[in-house]
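Have a go at each task before you read the solution.

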Amino acid sequence: MKPRRCSRSACSAAAVATLTYAYAESTAVLGPLSPYVEPHSYDLCGTHADRLTVPLGWAVVRLEAEASREGGREVAGDDLEALADAVREASRRAPEAPRRGPEPPHGGPHGPQGGTPPGGRRGHLRAVPSPS
């Protein structure tokens with residue numbers, strides 16, 4: 001069997017870790033090399049696994065190689081998927097983020113005509129009444 005290689009372009013080093021993303025939860029899970037190639041996972045060499053960075057606001061869950069053994073058995077790729085599912089479930093139960101300030105009065109901060117549109121965000125342009 002041919003050893004698996006790092007998924008990063010221009011890298012031919014042997015893979016030692018598997019990276020899986022939970023996009024809806026903005027989480028990256030980096031664990032030991034899964035026993036099978038998964039279509040939505042990425043194999044990484046040691047260098048790229050150590051240098052892994054994620055976008056601002058994302059979380060990284062790193063499973064150490066020593067922690068990949070439970071009771072003398074190897075943790076399979078299904079266990080990594082189970083961990084990603086657990087992260088998703090935990091994020092669904094997370095408390096709502098605190099608001100930045102008090103609620104504006106009915107109709108928004110500028111009265112009924114200049115209120116905040118549905119979705120909570122105003123554009124940079126607004127209608128200004130003519131002076132009369």
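**Exercise 1.** Find how many salt bridges the whole structure holds, and which residues form a salt bridge.

*Solution.* Remember that you're working with a predicted model.
- Step 1: searching the whole structure turns up one salt bridge.
- Step 2: the partners are arginine 4 and aspartate 43, whose closest N and O atoms sit 2.9 Å apart. The cut-off is 4 Å, so the pair qualifies.
- Step 3: arginine 4 belongs to the segment before strand S1 (17-22) and aspartate 43 to strand S3 (residues 41-44), so the pair ties together parts 39 residues apart in sequence.
- Step 4: both arginine 4 and aspartate 43 are buried.

**Exercise 2.** Work out in what order the four strands form the open sheet.

*Solution.* 
- Step 1: the order is S3-S1-S2-S4, with mixed pairing.
- Step 2: S3 and strand S4 (59-62) are at the edges with a single partner strand each, so one side of each has no neighbour in the sheet.
- Step 3: on average, neighbouring strands of this sheet are turned by 25 degrees against each other, ignoring direction.
- Step 4: zoom in on S1 and S3, which run antiparallel and are joined by four bridges. Here leucine 19 stands opposite tyrosine 42 in S3.

**Exercise 3.** Is alanine 10 buried or exposed?

*Solution.* 
- Step 1: look in the segment before S1, where you'll find alanine 10.
- Step 2: its relative accessible area is 92%, and over 50% counts as exposed, so alanine 10 is exposed.
- Step 3: check the backbone too: phi of alanine 10 is near 65 degrees, a positive value in a residue other than glycine.

Note on methods. Residues are numbered from 1 along each chain as its sequence is written. This is a predicted model: local features need pLDDT of at least 70, side-chain atom pairs count only at pLDDT 80 or more; totals for chains, interfaces and linings use all residues. Side-chain values use heavy atoms; hydrogens and water are left out. A salt bridge is a side-chain nitrogen of Lys or Arg within 4 Å of a carboxyl oxygen of Asp or Glu. Helices (H or I, at least four residues) and strands (E, at least two) are DSSP runs, numbered from the N terminus. Buried means under 20% relative accessible area, exposed over 50%, partly exposed in between (1.4 Å probe, protein chains only). Two strands pair if DSSP finds at least two bridges between them. Axes are lines fitted to C-alpha atoms, for helices over the stretch in contact, and angles run from 0 to 180 degrees between N-to-C directions.
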